[in-house]
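User: Hi! Could you walk me through how the chains meet and what surrounds the ligand here?

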Amino acid sequence: MTEQIKEREALGGAEVGRARRRKEDARLITGRTQWTDNIQLPGMLHVAFLRSPMAHARITRVDASGALARPGVVAAFSGADLAGEQGSLPCAWPVTEDIVIPDHPPMAVDEVRYVGEAVACVVAIDRYAAADALEAVEIDYEPLDPVLDMTEALKEGSPKVHEAGNKSFTWKFAEGDIDAAFRDAPVVIDRTYVQQRLIPSAMEPRAVVAQTDGDQFTLHSSTQIPHILRVMLALTTGIPEHKLRVIAPDVGGGFGSKLQVTAEEVLCLLLTRRMGKPVKWTESRSEGNLTVHHGRDQLQHIRLAAESDGRVRAVQVDLLADMGAYLMLVTPGIPLLGAFMYSGIYKMDAYDFTCTGVFTTKMPTDAYRGAGRPEATYAIERVMDELAAEIGVDPMEVRRRNWIEHSEFPYTTICNLTYDSGNYEAATERALALFGYDKLRAEQADRRERRDPVQLGIGISTYTEMCGLAPSRVLGSLSYGAGGWEHADVRMLPTGKVEVVTGTSPHGQGHETAWSQIVADSLGVPYEDVAVLHGDTATSHKGMDTYGSRSLAVGGIAVVRACDKVKEKARHVAAHLLEASPDDVEFSEGRFQVRGTGASRTIQEIALATFAAHDLPDGFEPRLDASATFDPDSFSFPHGTHLCAVEVDTETGATAIRSYVAVDDVGAVVNPLIVEGQVHGGIAQGIAQALFEEAVYDVDGNLLTTTMADYLLPSAADLPSFVTDRTETPATTNPLGVKGVGEAGTIASTPAVVNAIVDALRPYGVHDVRMPCTPERVWRTLRSREEESA
Amino acid sequence: MIPASFDYLRPSTLDEALTMLAEAGEDAKVLAGGHSLLPLLRLRLAYPAALVDVGRVAELRGVADRGDHVYIGATTTHDEVVHSPIVKEHCPLVALATATVADPAVRHRGTFGGSLAHADPAGDLPSVAVALDMEFVVHSPTGRRTVPASGFFLDYLESALEPGEILAGVRVPKLGPGWGFHYEKFHRTAQAWATVGVAVAVRRSNGTVEEARVGLTNMGPIPVRASGVEEAVRGAEAGESLREAAGRADEGTDPPADLHAQPDYRRHLARVLTHRALLSAAAHPTG
Ligand SMILES: Cc1cc2nc3c(=O)[nH]c(=O)nc-3n(C[C@H](O)[C@H](O)[C@H](O)COP(=O)(O)OP(=O)(O)OC[C@H]3O[C@@H](n4cnc5c(N)ncnc54)[C@H](O)[C@@H]3O)c2cc1C
């Protein structure tokens with residue numbers, strides 16, 4: 001570890017660690033930028049999709065001719081019209097050998113399997129004409145039975161979503177002797193938790209602009225993954241990869257929902273190919289709620305065996321994961337990303353995990369902030385509280401008895417992950433102090449005694465997670481279709497300015513700022529002199545994009561390595577110009593100096609010298625630039641302790657968060673302001689799952705939560721002021737010591753809130769409230785306990 | 001979502017507006033703040049042929065003290081209502097309820113009259129209107145009529161306004177001294193409509209409640225008075241008997257079922273919230 005820290009210090013400089021305001025914010029906040037929907041091209045046509053109103057039905061007739069007669073309409077197509085060329089949307093994560101991956105036409109041809117599935121499209125001269133003409137497309141459906149409940153779907157005789165049945169796969173992982181651990185276990189906790197279905201709600205809706213000159217194709221898309229998208233679209237559409245350029249201009253959020261190859265992207269490319277004109281599609285919020293891939297939706301059966309003092313012996317998990325109607329890009333892999341996280345920060349002797357992917361007639365699920373890890377963290381952190389209640393010990397004490405101690409790192413968990421570093425004691429101690437834990441417990445006791453209608457509850461979440469989704473070799477062993485490396489080019493321009501090309505694809509994370517800080521320190525150039533280019537496959541030729549909190553821990557390291565190469569090259573040029581041996585040339589704060597003399601050159605002077613190329617060392621290729629591709633050895637493991645105090649009004653069932661403390665350890669920090677932003681947004685999103693958000697389908701398979709009046713997102717007014725702090729235990733697996741912070745808050749906060757609610761209500765005999773813990777649900781839970789005890 | 005096409009007309013006087021509305025025919029609609037109408041258009045739940053935007057009709061806007069009542073022009077925005085000294089002084093319940101409407105952005109666009117004309121039982125102002133017995137001043141090409149609040153709300157999103165009629169303003173009777181007020185709104189997020197709301201005005205003297213007016217938000221297809229409660233609190237001591245009285249809050253109501261609450265929970269909430277609202281109102285008499 002000390003070696004790593006040395007390397008970090010070697011970056012020197014004052015930029016890394018500085019709370020810089022983000023350089024990209026002015027244009028993002030004012031909207032003076034190229035959001036995809038801002039793009040206007042000559043002759044551009046607009047696409048509107050007609051979407052299935054049925055959850056499950058056979059399409060018996062499509063007649064789009066009525067639409068063609070409408071003003072402004074240029075063309076209309078059904079799925080059948082495009083059947084020969086539309087291919088099947090890709091699934092890049094076949095988790096088992098016998099997995100069922102159904103054909104997934106971008107536009108339904110003869111059967112629809114969820115409400116919102118595209119069944120026809122209209123192309124018109126403007127958005128309004130296209131939307132109006134949808135009403136003139138006639139479609140006849142023959143209804144089929146919807147399949148809505150996972151447990152029912154797996155029963156013999158259930159209606160089938162696909163010919164092959166409703167099971168996609170069963171994936172297993174086991175370590176240790178699970179039967180022995182449960183046999184005679186003094187304490188067994190057995191619980192079932194529902195991870196409700198969520199709708200990722202990025203601020204910018206999805207939008208696509210496709211164009212062609214007949215040979216070359218360009219696709220602008222509000223996507224997180226321009227590089228992966230290009231590969232996948234080439235494979236799906238048959239457009240040769242070298243003829244396809246994908247651009248993610250500024251993108252307004254994604255949370256995983258834009259880690260996808262969407263039907264609309266494929267169809268817009270096909271339409272521009274057919275029509276020879278640019279086409280645009282921008283979704284409405286309601287269209288998005290229906291058809292942005294959904295998140296979570298798992299039924300978790302978790303059992304925990306423990307000694308009577310609360311030491312955990314084993315955890316067993318049996319999971320049903322709702323795939324929705326089809327497998328999209330990484331749908332089946334999401335529960336696997338959680339599979340290795342159910343042991344959390346705890347030591348145990350055995351672990352057993354089974355997950356079955358189930359088809360239903362709903363929108364497919366896929367990655368959503370945290371992807372698999374929030375589900376796992378929720379289950380283990382909830383169950384640790386149940387264990388504490390069962391044996392009558394403070395829930396923090398139970399955690400202490402089980403967690404990996406600081407002195408035990410690096411530690412290989414029961415899930416075979418090696419946690420390289422961590423300090424759960426330090427983060428917890430800090431959090432307890434900030435929270436005033438003991439005082440709140442005293443107040444809780446008092447309110448319980450007084451039978452105060454407003455009860456106080458305290459929730460703990462001592463989480464860890466795995467991020468920096470990386471080592472390509474490990475991803476391969478899990479059957480994931482792509483690698484986990486990342487790439488950067490760093491080039492010094494003749495005038496001494498710097499361009500960085502990154503393979504990451506920021507959509508709100510502030511890479512332009514953070515990468516500039518790293519480069520400024522590394523090359524000793526002013527922060528303002530660095531520009532970061534991203535998101536265009538024509539300028540950024542290699543990349544794996546942005547998801548899974550990987551950008552800094554993988555892509556940031558590629559930037560560091562490329563800078564190192566640039567410096568090494570520059571050192572040779574400096575030595576040559578200064579007539580010294582490269583070994584005698586030292587680099588500090590942007591200046592190369594011959595040891596023991598005053599002779600020096602700045603890195604900017606070297607950059608200019610390599611441009612003129614008049615006097616370079618033999619064999620030196622002109623220009624001062626370098627590339628690096630980084631594939632880490634391991635994931636990184638942020639952790640932290642979140643504490644939440646809630647007041648639950650037992651008369652109305654309403655929950656109010658009174659205080660929230662988050663102490664996160666995300667390793668070394670490049671920009672504390674960006675980290676703070678990620679933590680705040682992450683906590684808000686996790687609280688949203690605990691209290692507010694749920695995608696609801698009715699018994700016929702209609703989505704009821706199609707607007708923001710029904711799908712409730714909290715605003716700042718609904719959230720407390722978070723108290724945040726950090727401990728810094730550097731990761732030992734990368735030279736910056738960074739871990740990743742994009743998802744930590746979301747992963748940590750959901751169980752902290754629900755643990756607090758359950759803690760408040762334990763005196764009433766409550767040991768669970770299903771999420772989201774709405775006032776009505778809390779009230780009903782209390783009422784059913786009252787009725788039971790009456 | 002994208003609305004179907006419509007004509008857009010912008011009169012500058014009330015007469016002009018009435019003429020335009022008449023000429024545009026049955027399928028024309030008045031547009032005020034647009035914060036209820038535009039969502040309906042965008043979801044294609046409404047297809048008006050023309051919108052007559054009354055936003056620039058000066059005579060429809062503003063608050064005036066008219067002696068025994070306060071007159072609030074229909075296009076006065078929620079924000080103007082909240083900050084009107086006249087409203088604060090003479091009908092504070094209106095200000096209290098209006099302050100709970102959505103968020104500042106909505107309150108700067110949405111209008112007092114639009115909220116009432118829309119006749120959404122989940123809106124915060126209709127229950128206040130029935131609780132305070134407001135009077136609606138309605139204009140048509142043929143003249144002017146007034147409609148009492150008790151006769152204005154006919155059904156879910158249906159008011160007594162006929163096609164071609166424009167709500168010009170509302171008279172809010174001054175209740176005089178000795179009254180306390182409270183609006184208790186229960187909602188899931190700050191921007192959400194009321195799951196249930198209770199508007200209460202209470203007149204106290206010598207420790208007992210002389211008189212109370214209680215309006216319920218979102219407890220049926222129209223805003224209703226909780227007459228059982230009003231009857232039970234008359235002459236009650238401002239203590240435990242208020243809880244008992246509030247127990248009658250859901251009498252005769254027909255609360256809806258939706259994603260935010262089932263009817264039995266709404267009934268329960270109405271009772272709890274009415275009790276809380278009575279306590280608060282009784283504790284803070286004004287004037
Ligand atoms: C995000 C959001 C949250 C909201 N939350 C709340 C809330 O918590 N509580 C609440 O009470 N309201 C809420 N509202 C609604 C808001 O108060 C609206 O402004 C109000 O309901 C309608 O007023 P408006 O001026 O926007 O009317 P418009 O939308 O313009 O019109 C509404 C209807 O009334 C008719 N109309 C309007 N003015 C007249 C007139 N002078 N004469 C005849 N007919 C007329 C229109 O034709 C239309 O049918 C919310 C709205 C939004 C968008």
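**Interface and ligand shell**

Analyst: Happy to: chain A and chain B bury about 2200 Å² between them, 57% of it on carbon and sulfur atoms; buried area is the accessible area (1.4 Å probe) that two parts lose on being put together, summed over both. This is a predicted model, where local features need pLDDT of at least 70, side-chain atom pairs count only at pLDDT 80 or more, and totals for chains, interfaces and linings use all residues. Residues are numbered from 1 along each chain as its sequence is written, chains are lettered from A and ligands numbered from 1 in the order in which they are written, and side-chain values use heavy atoms, with hydrogens and water left out.

User: How many residues does the contact take from chain A and from chain B?

Analyst: Contact here means heavy atoms within 4.5 Å. By that rule, the contact takes 30 residues from chain A and 26 residues from chain B.

User: Which residue of chain A meets B:Asp264 in a salt bridge?

Analyst: A salt bridge is a side-chain nitrogen of Lys or Arg within 4 Å of a carboxyl oxygen of Asp or Glu. The rule finds 6 salt bridges across the interface of chain A and chain B. In one with an N to O distance of 2.6 Å, the partner of B:Asp264 is A:Arg780.

User: Which element gives the most to the side of chain A that touches chain B?

Analyst: Helices (H or I, at least four residues) and strands (E, at least two) are DSSP runs, numbered from the N terminus. In chain A, α5 (127–133) and α22 (775–789) each supply at least two residues to the side that touches chain B. The one that gives the most, with 5 residues, is α22(A).

User: Now the ligand: which side chain has a polar atom 2.6 Å from an oxygen atom of the ligand?

Analyst: Of the 29 residues around the ligand (a heavy atom within 4 Å), those that come nearest are B:Val30, B:Gly34, B:Leu37, B:Thr111 and B:Asp124. An N or O atom in the side chain of B:Lys185 is 2.8 Å from a ligand oxygen, while a backbone N or O atom of B:Leu167 lies 2.9 Å from a ligand nitrogen. The side chain at 2.6 Å from a ligand oxygen belongs to B:Thr111.

User: Which element gives the most to the shell around the ligand?

Analyst: In chain B, β2 (28–31), α7 (112–118) and β10 (166–173) are the elements that give two or more residues to this shell. With 4 residues, the one that gives the most is α7(B).

Notes:
A polar contact is a pair of N or O atoms within 3.5 Å; within protein, one must be able to donate a hydrogen and the other to accept it, and residues adjacent in sequence count only if both atoms are side-chain atoms.
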